[in-house]
Amino acid sequence: MGPMLSLLKTWCADLADLVAPRVCLACADPLVTVEALCPRCREHLMPAVDAPMGVHVAWDHGGPLVRAIHRAKYGDDPAVAASLGALLAEAWRAPGGFVATRVVPVPLHPARLRQRGFNQSAELARALAQQLDAPLAWRAVERVRDTPSQTRLDRGARRENVRSVFRADGSLRGQRVVLVDDVVTTGATLSELRDAVLAAGATAVCATALARAPLLFTDGR
Ligand SMILES: [Zn+2]
């Protein structure tokens, strides 16, 4: 998207904000604040009870959050995804007193980024980066292959699907990095990203995701 088009889009979004009231991302009730969810849907968020090894998951992927993430991902307004970032930042717990110096969202392949206009994980990560007072290093890692969707893959196929898909640059050398994803299932993508970031010289890495989704297929199928 060119800068003029992007400017026009921002301007139109601002204008739409003036005309149309903000609505809850889950139930579409009007909102009086800039939060992502209305108080009723907010109350239904459950803290995540389990997570893949080494990943801090903010919320259980049930009810309102599923709808909210879906709307944010496939809508055309990055501000919507950014509003969910507050929920991620709020739930963040630093593992063992981890002090982050960089926040790195899971990158999209450039072709996918052009198509969608924004990277939902990067928008989500903004609020956390601000809260941790650490730069959002959204260009430090690139996705070198466009991979098929993981949705219908089992655990082993997921790891194979994302093998060697990320390349991190030297700006992460000596940094303590928090990785951010929107939804985590087996943790295959975050594991692969962690390996790339460590290979680039980061000294410590941890990962967080807004929600966990169940694996549709069981192991070995
Ligand atoms: Zn609601």
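Predicted model: local features only at pLDDT ≥ 70, side-chain atom pairs only at ≥ 80, totals over all residues.
The protein contains eight helices and six strands. Of the 221 residues of the protein, 43% count as buried. Among contacts between residues at least 6 apart in sequence, 74% join residues at least 24 apart.

A zinc ion is coordinated by the SG atoms of Cys24, Cys27, Cys38 and Cys41, at 2.3 to 2.4 Å. Along the chain, the donors follow the spacing C-x2-C-x10-C-x2-C. Cysteine 24 and cysteine 38 both lie in the loop between helix H1 (3–19) and helix H2 (39–43), so the pair ties together parts that are 14 residues apart in sequence. The arrangement around the zinc ion is tetrahedral, because the four donor atoms subtend angles of 106 to 115°, and four donors count as tetrahedral if all angles lie between 85 and 135 degrees. Cysteine 24 has a relative accessibility of 0% and therefore counts as buried. Cysteine 38, at 5% relative accessibility, counts as buried as well. The loop between H1 and H2 also holds alanine 28. Phi of alanine 28 is near 70°, a positive value in a residue other than glycine. Most residues other than glycine have a negative phi. With a relative accessible area of 37%, alanine 28 is partly exposed.

Four strands form an open sheet in the order E1-E6-E5-E2, with parallel pairing. At its edges stand strand E1 (55–60) and strand E2 (102–105); each has a single partner strand, so one side of each is left without a neighbour in the sheet. From one strand to the next, the twist averages 20°. Strands of a sheet pair through backbone hydrogen bonds. Strand E5 (residues 176–184) and strand E6 (residues 204–212) run parallel and are joined by eight bridges. Valine 178 stands opposite cysteine 206 in E6, and the bridge partner of valine 180 in E6 is threonine 208. E2 and E5, which also run parallel, are joined by four bridges. In this pairing, arginine 102 stands opposite valine 177 in E5. E5 is mostly covered, as seven of its nine residues are buried.

Helix H3 (residues 64–74) lies across E1, E5 and E6 and runs at about 105° to E6. Helix H4 (residues 78–91) packs on the sheet and touches E1, E5 and E6, its direction making about 120° with that of E1.

In soluble globular proteins, nonpolar side chains tend to be buried together. The largest nonpolar core of the model has 36 residues, of which Leu37, Trp59, Leu65, Leu84, Leu87, Val178 and Leu210 touch the most other members. The elements that give two or more residues to this core are E1, H3, H4, helix H6 (120–132), E5 and E6. The most is given by H4, with six residues. Valine 178, one of the members named above, touches Trp92, Phe98, Ala100, Arg102, Val103, Val104, Leu128, Leu132, Cys206 and Thr208, when residues up to four places away in sequence are not counted. A second, separate core has 25 residues, including Val57, Val165, Ala168 and Leu172.

A further positive phi occurs at aspartate 133, where the value is near 55° in a residue other than glycine. Aspartate 133 lies in the loop between H6 and strand E3 (141–143). This aspartate is exposed, with a relative accessible area of 71%, whereas alanine 28 is partly exposed.

How values were computed
Residues numbered from 1 in each chain as written. Heavy atoms only, no water. Donors = N, O, S within 2.8 Å, 3.2 Å for Na, K, Ca; no water. Tetrahedral: all angles 85-135°; square planar, octahedral: opposite > 155°, others 65-115°. Buried < 20%, exposed > 50% of the residue type's maximum accessible area, 1.4 Å probe, protein only. Pairing = 2+ DSSP bridges. Axes fitted to C-alpha atoms, helices over the stretch in contact; angles between N-to-C directions. Contact = heavy atoms within 4.5 Å. Core = buried A, V, L, I, M, F, W, Y, C linked by side-chain atoms within 4.5 Å.
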